[in-house]
Amino acid sequence: AELASMDFDELWALGERVGLLDRYPMLGVMEAIMRTRVGDLEGASAAAARMVAGPDPWSAAAGRLVTCFVAASAADVPKAEAELLAALDGFRALGERWGCAFTLGLLGQYRMMRGDRAGAVEAHEEAVRIAGEVAVHNALPPMQLMQLGAARGMSGDLDGAERDVRSALATVDSQDRGLRLMGTCVLIHVAVMRGDLPVARRLAGEADAIAGTGNQEPDWVAVLATAKATIALAADELDEAGRHLDTALSALSSANDMSSLASVGERIAILVAKRGDHLAAAELLGAAAGIRGLLDQGEPNVRALVADLTERLGDGYHTAFHRGFDLDRATALLRLADAVRQPSP
């Protein structure tokens with residue numbers, strides 16, 4: 001009863017006094033991640049710094065990885081990337097294959113956002129290979145395969161994307177609704193990139209069935225709503241796209257996942273451009289990128305939007321983009337929410 005009445009900080013202090021953190025280094029990772037998720041970036045950073053400064057090399061590498069998460073939450077992309085590479089070096093020096101595979105997956109995502117599509121696919125391929133070396137019963141790891149499939153799709157290899165994702169789904173336990181939903185939503189994006197909206201809509205129905213009804217995880221809601229918005233945008237169903245993007249933005253509003261928030265924001269900018277307000281779209285694209293600290297240059301629809309806005313606005317695009325990029329996070333989110341809730345003309 002006494003333990004149940006303690007708050008997180010009190011429980012953690014008790015764990016430190018009895019030596020739990022020394023015996024179980026993974027608890028340090030859990031502390032930092034939990035603090036990051038609730039927005040306590042200062043506490044998360046301090047927890048990660050203790051791990052890096054400690055004597056255990058695995059904890060030091062994991063601390064670097066957690067510092068990457070903290071920096072990403074603060075939109076400090078250069079620091080996040082530097083800490084990610086340091087974590088990868090640490091895990092490689094230890095031969096810690098799961099750490100390498102997980103870190104390579106994140107590296108692939110950063111490479112993709114930087115526009116290095118070939119480098120992103122290469123990182124995800126290495127993650128799949130390393131994770132496969134320690135996978136149970138020789139089954140390829142589904143998460144890494146799905147990430148590889150998504151990277152292939154954004155690189156234009158749609159057949160390879162579908163192959164990888166369907167191979168991953170074939171190994172996912174039927175009860176693991178999160179991974180099944182993730183894989184199905186990747187397939188939705190692939191179908192949209194193919195221009196096959198009937199298949200995309202059928203897959204959206206399958207995703208609805210997987211997600212079910214009632215209380216759902218916010219990231220589930222956001223992933224599915226974003227996939228449905230992608231279909232609606234491709235079909236020029238702008239009010240429908242706006243409703244789905246509003247749902248995704250609201251679902252993520254209490255999360256500390258800046259990259260996912262930015263991805264939704266980038267699609268809101270696409271929506272506003274389709275409504276015909278190109279100057280506002282440029283500013284909103286900057287606001288979305290500022291939330292993450294980086295524009296997603298790997299997403300084909302974002303690349304197409306940048307090319308279109310640059311052609312239409314000339315130097316005015318860069319002025320409007322940086323005006324949005326320089327907004328504080330709270331203001332940027334308010335601007336995106338206001339924009340997505342406007343009716344389409």
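# Close-up views of the predicted model

Phe321 counts as buried, with 9% relative accessibility, where buried means under 20% relative accessible area, exposed means over 50% and partly exposed lies in between (1.4 Å probe, protein chains only). The structure is a predicted model, in which local features need pLDDT of at least 70 and side-chain atom pairs count only at pLDDT 80 or more, while totals for chains, interfaces and linings use all residues. Residues are numbered from 1 along each chain as its sequence is written, and side-chain values use heavy atoms, with hydrogens and water left out.

**View 1. The protein chain as a whole.** The protein chain has 19 helices and zero strands; helices (H or I, at least four residues) and strands (E, at least two) are DSSP runs numbered from the N terminus. Of its 345 residues, 46% are buried. Among contacts with a separation of 6 or more, 60% are between residues 24 or more positions apart, a contact being heavy atoms within 4.5 Å. The accessible surface comes to about 16,200 Å², with 54% of this belonging to carbon and sulfur atoms, as computed by the Shrake-Rupley method with a 1.4 Å probe.

**View 2. The largest nonpolar core.** A nonpolar core is a set of buried Ala, Val, Leu, Ile, Met, Phe, Trp, Tyr and Cys residues joined through side-chain atoms within 4.5 Å. The largest one has 40 residues, and those with the most contacts inside it are Leu245, Leu249, Val264, Ile268, Leu271, Leu285 and Leu305. At least two residues of this core come from each of the helices H13 (218-234), H14 (238-252), H15 (258-275), H16 (278-292), H17 (300-313), H18 (315-325) and H19 (329-340). H15 gives the largest share, namely nine residues. Not counting residues up to four places away in sequence, Leu305 touches Ala269, Ile270, Ala273 and Leu285.

**View 3. Ala248 and its surroundings.** Ala248 is found in helix H14 and counts as buried, at 0% relative accessibility. When neighbours within four places in sequence are left aside, Ala248 is in contact with Ala222, Ala225, Thr226 and Val264. Ala248 and Ala229 are 19 residues apart in sequence, and their C-alpha atoms are 9.2 Å apart in space.

**View 4. The buried face of helix H18.** The buried residues of H18 are Tyr317, Ala320, Phe321 and Gly324. Seen down the axis of H18, these residues fall within an arc of 100 degrees, so they line one face of the helix; the arc is that of the directions from the helix axis to the C-beta atoms. H16 and H17 are among the elements that cover the buried residues of H18.

**View 5. Aromatic pairs.** Rings of Phe, Tyr and Trp (its six-membered ring) pair if their centres lie within 6.5 Å, and planes under 30 degrees apart count as stacked, over 60 as edge-to-face and the rest as tilted. By this rule there are three aromatic pairs. One of them is the edge-to-face pair of Phe69 and Phe102, at 6.4 Å centre to centre and with 90 degrees between the planes. This pair links distant parts of the chain, since Phe69 is in helix H5 (residues 57-73) and Phe102 is in helix H7 (residues 97-113), 33 residues apart. Phe69 is partly exposed at 24% relative accessibility, and Phe102 is partly exposed at 45%. Tyr317 and Phe321 have ring centres 5.8 Å apart and planes at 40 degrees, so their pair is tilted. These two residues are four residues apart in helix H18, and are therefore separated by about one helical turn. Tyr317 counts as buried, at 4% relative accessibility, and ring pairs link Tyr317, Phe321 and Phe325 into a cluster.

**View 6. A buried aspartate, Asp164, and its polar contact****.** Asp164 is placed in helix H10 (residues 158-171) and counts as buried at 7% relative accessibility. The side chains of Asp164 and Arg152 are joined by a polar contact of 2.6 Å; such a contact is a pair of N or O atoms within 3.5 Å, where, within protein, one must be able to donate a hydrogen and the other to accept it, and residues adjacent in sequence count only if both atoms are side-chain atoms. Leaving aside neighbours within four places in sequence, Asp164 is in contact with Leu145, Leu148, Gly149 and Arg152.

**View 7. Two loop residues with positive phi, Ala75 and Asp236****.** Most residues other than glycine have a negative phi. Ala75, in the loop between H5 and helix H6 (77-94), has a positive phi near 60 degrees and is partly exposed, with a relative accessible area of 21%. Asp236, in the loop between H13 and H14, has a positive phi of about 60 degrees although it is not a glycine.
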